[in-house]
Amino acid sequence: FGHPGEMARAIGALFEHLIREKGFTCVRQWTLTNEPNLHFRQLGYSFERYVELHQLVKQEFAQRGLDIEIIGSDDTAAFKWFQACVDNGDYYGVVDLFASHRYFPYADRVLAPFFFEDRLELLARQPDPKPFVVAEFGFQDTRSGTFANPIMEDYPYALWTFDFILEGLNRGVAGFTIWCLHEVYYPGENLMNYGLWNFKDRNWAVRPVYHAIGCFTRMTQRGDHVRKCESSHPRHVNATVVGNVVFWVNQSKQTVPIRFAGNLYSPATAYTKDTVSEDDSTGIPLQARDNQFHAPPRSFGYVPLAH
């Protein structure tokens, strides 16, 4: 960070090497550093330097003819940093989308709508609103920390994750990624306990949240149109439509009928605490009649719309 020009040239050279010499087609986006409101500032660098680095890297990509999207902010629960990024015209002009991270104490997850709306409303006030994605998210309890998060192994985490994504999609969030793919040991034998499945010393066993994320990764495509769903009991039942699929969650402790205005294509697919223990779980079928099906207690899943 202390040598902006050299850093920008090095980043440009690295991306050109990966794309043109190595042939990687998956290298499409760049962000300067993880959670800059913490790391970048702790190193003593100014926001002005942060803006300058992004401008130089943007120029470097252009000079090398590289089509790389720049991800803006990437803050962790720091609305002031996010706001500074959006309000700075020089910075706003060089980024393609904005991202934030958010980890909630599990009892505070009901505050998620405010997290979404603060950022989306700020972007909506710009002449050319840019997409907002949640680049990391999760839930924690008193056992949680930088490396440990045993609550992520429990079934409720899957329900909370599913509902969080639905809340965001219904408000206009463009995408989600979750930290992290799987449990892994860091240098120094620090176990990163976050993940969708366990490390090999626990037989790579998948966790319930794996199936929650899997519904979206299997049943959606980049660029799918999202349609908001209104629920009569949003604290318990939530849904949204992505492409031609309705995603739904029932967080209540009882079976509830879910009825949609659109025409459903039977059957619906449901995941429950009893069905997510298998690595290859594909859920259980629920018959839909008259655009309605009965969702089991504390379940999530999806159902196609009839063409």
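## Salt bridges

In this predicted model, the side chains of Arg20 and Glu16 meet in a salt bridge, with N and O 2.9 Å apart. Both residues belong to helix 1. They are four residues apart there, about one turn of the helix. Arg20 has 46% relative accessibility, so it counts as partly exposed. Glu16 is also partly exposed, with a relative accessible area of 24%.

Arg64 forms a salt bridge with Glu60. Their closest N and O atoms are 2.8 Å apart. Shared partners then join Glu16, Arg20, Glu60 and Arg64 into one network of salt bridges. Glu60 has a relative accessible area of 10% and is buried, because the cut-off for buried is under 20%.

Another salt bridge links Glu52 and Arg49, at 3.1 Å from N to O. These two are three residues apart in helix 3 (residues 47-63), so about one helical turn separates them. Glu52 is partly exposed at 31% relative accessibility. Arg49 is partly exposed at 23%. A search of the whole structure finds 14 salt bridges. Side chains of opposite charge can pair when their charged atoms come close.

## Aromatic pairs

How many aromatic pairs are there? The count comes to 45. Take Phe247 and Tyr302: their ring centres are 6.3 Å apart and their planes meet at 55°, so the pair is tilted. Phe247 lies in strand 10 (residues 245-250) and Tyr302 in strand 15 (residues 299-304). The pair therefore ties together parts that are 55 residues apart in sequence. Phe247 is buried, at 0% relative accessibility. Tyr302 is buried too, at 11%.

Tyr271 and Phe300 also form an aromatic pair, and this one is stacked. Centre to centre, the distance is 5.3 Å, with 10° between the planes. Tyr271 sits in strand 12 (residues 268-271) and Phe300 in strand 15. The pair links distant parts of the chain, 29 residues apart. Tyr271 is buried, with a relative accessible area of 0%. Phe300 is buried, with a relative accessible area of 0%.

## Charges over rings

Rings also meet charges here. The charged end of Arg102 sits over the ring of Phe104, 4.2 Å from its centre. The charged end of Lys130 sits over the ring of Tyr92, 4.5 Å from the ring centre.

## At the surface

Which residues make the nonpolar surface patch of about 280 Å²? They are Val110, Leu111 and Phe114. Leu111 lies in the loop between strand 3 (97-105) and helix 6 (112-124). At 39% relative accessibility, Leu111 counts as partly exposed.

Lys22 is in a loop as well, between helix 1 (4-21) and strand 1 (29-30). Is Lys22 buried or exposed? At 52% relative accessibility, Lys22 counts as exposed. Its C-alpha atom is 34 Å from that of Thr146, a residue 124 positions away along the chain.

## The whole fold

The protein has eight helices and 15 strands. Its C-alpha trace spans about 60 × 50 × 40 Å along the principal axes. Of the 307 residues, 47% count as buried.

What radius of gyration does the protein have? The value is 21 Å. A compact globule with 307 residues would have a radius near 19 Å, so the protein agrees with that rule.

Key:
Residues numbered from 1 in each chain as written. Predicted model: local features only at pLDDT ≥ 70, side-chain atom pairs only at ≥ 80, totals over all residues. Heavy atoms only, no water. Patch = residues over 30% accessible without salt bridge, like charges linked within 9 Å, V, L, I, M, F, W, Y side chains within 5 Å. Areas by Shrake-Rupley, 256 points an atom, 1.4 Å probe, with all protein chains shown as cover. Salt bridge = Lys/Arg side-chain N within 4 Å of Asp/Glu carboxyl O. Buried < 20%, exposed > 50% of the residue type's maximum accessible area, 1.4 Å probe, protein only. Phe/Tyr/Trp six-rings, centres within 6.5 Å; stacked < 30°, edge-to-face > 60°. Lys NZ or Arg CZ within 6 Å of the ring centre and 35° of its normal. Rg over C-alpha atoms; globule rule 2.2 N^0.38 Å.
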